[in-house]
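The following exercises are to be worked with the sequence and the model at hand. Each task is followed by a stepwise solution.

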Amino acid sequence: MKRLLTILAILAGNAVYAQNIFKAVIKDDDTKKPLTGASAVITSLKIGATADTAGNIMINNIPNGKVEITFSFVGYISKDMTIDFPKENGGKSIEISLEPLAGELAEVRVQTTRTNQNLSDIPTRIEALPQEELDEKGTMRPGDIKMLLGETTGIQVQQTSAVSSTANYKIQGLDSRYTQLLKDGMPLYQGFSGGLSLLQISPLDLKQVEFIKGSASTLYGGGAIAGLVNLISKTPEDKPELTLLLNGNSAKGTDADGYYSQKWQHIGTTIFGSYNYNGAYAPAGTDFTAIPKTNRFTINPKVFFYINDKDSGWVGLNGTYENRLGGDVQVVDGKPDDLHQYFEQNKTYRFSTQLSFTHKIDTSSQINFKNTIGYFDRSLSEPDYEFKGKQTSSYSEVNYVEHSKKFNWVLGADLLTDNLSVPPPMSYLSYSINTLGGFVQNTYKASSFFSLETGLRLDYNTPAPINKSSGIFLLPRINGLFKWDKHFTSRVGGGLGYKMPTIFSDQTEEQGFRDIQPVNIANLKAEQSYGLNADVNYRNAIGDAVVNINQLFFYTLVNDPLLLENNIYANAPGHLTTSGAETNLKLFIDNLGIYLGYTYTDTKRDINGVTTVQPLTPKNRISTDVTYEVENSFRAGIEGFYNSEQLLSDGTTGRCFWTFGMLVQKMWTHFDIFINAENLTDQRQTRWGSIYTGTITDPVFKDIYAPLDGAVVNVGIRLKLE
């Protein structure tokens, strides 16, 4: 009996000795912040643990021998580790770093609502393209943001010149005149420069792009009936950065961009400069340039001040010169004759200043001031015709922001001035508009389930339109955020908007302002709108995969739309409506990302009781993208885009088409090389018929609804030093 008890005691002692303890702290690989709620699981033993607020985990009762531990967290790449117990260092804690899944479930803070909140906590529906996605888009089209916007669900880039490549963008089927393009929350690219702006902005110095689709006039005043795009610039980081990008393409284009930033104790700087050149390019068999001969220089230096813990700010300058010559290829090449005479030349000078200053009152409140003054000089020349104009504008804003556990408040005022000066004999097109506005925004976090955001803007315009003789517009908006559980969220909201009458639209840009009659604001109505949208978002991690599905529904009504008929602007007796849906699906599985987007748009005019379809608005658009990426090492992707048939302004119908692209990029520590191909199947409107009527000497161009440049391949290198 004693011998049996001794044997049992020895076995029990060995069993106790064989039970090991594993300790670790789980952190984000980039930020080194602890990942509260991360898990560590030993599947073979059916045991595991969850990280506490400091990221610490502890697993008990692990027997001797090799075991595989799986570490995981929502939005991060899982990691497997094999450990042989007992460990040499005993029960000492080890550090486990998990890498975020690219572009998904990361904390994204947005600036467009002025509150600098996390995207997931804002009731207003905002979409954001973060830095890593901009880096990818920047290798596809380094010289402009035309592709960046055109590949976004719900946004359509509309070419306004067949030979100069000028283009505007539409949101949810509404013309570009109903949208705003902002840079750091300031309107730098409006009015006379609208048709050229997308082509004169390089993405290299951007850290984020934010989109609001639907009524946003309460946020930034008139003109944001369809929504807005806010380009957010990079700021200096603790580590200096020098990035150089060189790119060439098969359509005779060359880009050379440079960006430098550095931050010291009380001062910092960013400097962006670029030179973009394109030779006159026309695909085989075409008479006119698909891409004009272009020379553009851009310089944008900024100085940042960190005066103390409470006061900071920055000042910046932006200068751009561009000479864009398109038309008959023989004319652009300097060989005109009696038959070949047509050309279209845009010479532009852009100069603007920016100022931003922030004073922190305490940890929960601050005062912000920003200002921009812009000057844009444009000369548009065609045979026997020239249109010149100088647009000077300014925007100033002061706001007060306060954060608390339940409430976020923004109170502010802004002043917008817009002046167009046109020399004789077309000086009758000159105008001056001033808008003084006041606004208040509130976000109320009622519970972990529901947040409510409300806003109210009061604008005073001079001169005043006929339907608002006081010049005063009152614009309310309301948005609600419902967090049903950790996977389902929903946003519902809407608001009012308006647009003051001006001569600028896609139509006037298309005809080069030729024969346009002046706009007398006192004799016209301002367009007023009502907009609604609602979405449902599902987000979940399933094993190593993360899925995100967003379904949006939208509706906007614009009363008394301003239409151009026989070169005269007039308010049409009726309304314009756009309604539809956007579907976005994103799936990330380890290094593989799959994206599918679908937009249904139904835009109609109801004039004098007669309903017609809005021209140049495809009802169905599809975008797809499959990307394989090893972070900081390799990226390869293919993409496809579909546009359905669309009504043209001459009553004919433009055909449907698919375009496909491909990108391969290899990254090292200090440089990348990339090759990108667009429109691989060479879908071109010029392959399906002539793009003009009349003669080659005096052409009348048709609507441009499909690519003109065809298949284009670009190759480049990006050098990055930190």
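A salt bridge is a side-chain nitrogen of Lys or Arg within 4 Å of a carboxyl oxygen of Asp or Glu. The model is predicted, so local features need pLDDT of at least 70 and side-chain atom pairs count only at pLDDT 80 or more, while totals for chains, interfaces and linings use all residues. Residues are numbered from 1 along each chain as its sequence is written, and side-chain values use heavy atoms, with hydrogens and water left out.

**Exercise 1.** Determine which residues are linked with R125 in a network of salt bridges.

Solution. Starting from R125, the network takes in E127, K213, D535 and E582. A search of the whole structure finds 29 salt bridges.

**Exercise 2.** Locate the salt bridge between D184 and K302 and state whether its partners are buried or exposed.

Solution. 
1. The N to O distance between the two side chains is 3.3 Å.
2. D184 lies in the loop between β13 and β14 (186–187) and K302 in strand β20, 118 residues apart, so distant parts of the chain are linked. Strands (E, at least two residues) and helices (H or I, at least four) are DSSP runs, numbered from the N terminus.
3. Buried means under 20% relative accessible area, exposed over 50%, and partly exposed in between (1.4 Å probe, protein chains only).

**Exercise 3.** Describe the largest nonpolar core and the surroundings of V229.

Solution. 
1. A nonpolar core is a set of buried Ala, Val, Leu, Ile, Met, Phe, Trp, Tyr and Cys residues joined through side-chain atoms within 4.5 Å.
2. The largest has 42 residues, of which L149, Y169, L181, V209, V229 and L231 touch the most other members.
3. Elements that each supply at least two residues include α3 (146–150), β12 (167–171) and β16 (227–233). The most, 4 residues, come from β15.
4. Beyond its neighbours within four places in sequence, V229 is in contact (heavy atoms within 4.5 Å) with residues including L149, I155, Y169 and F211.
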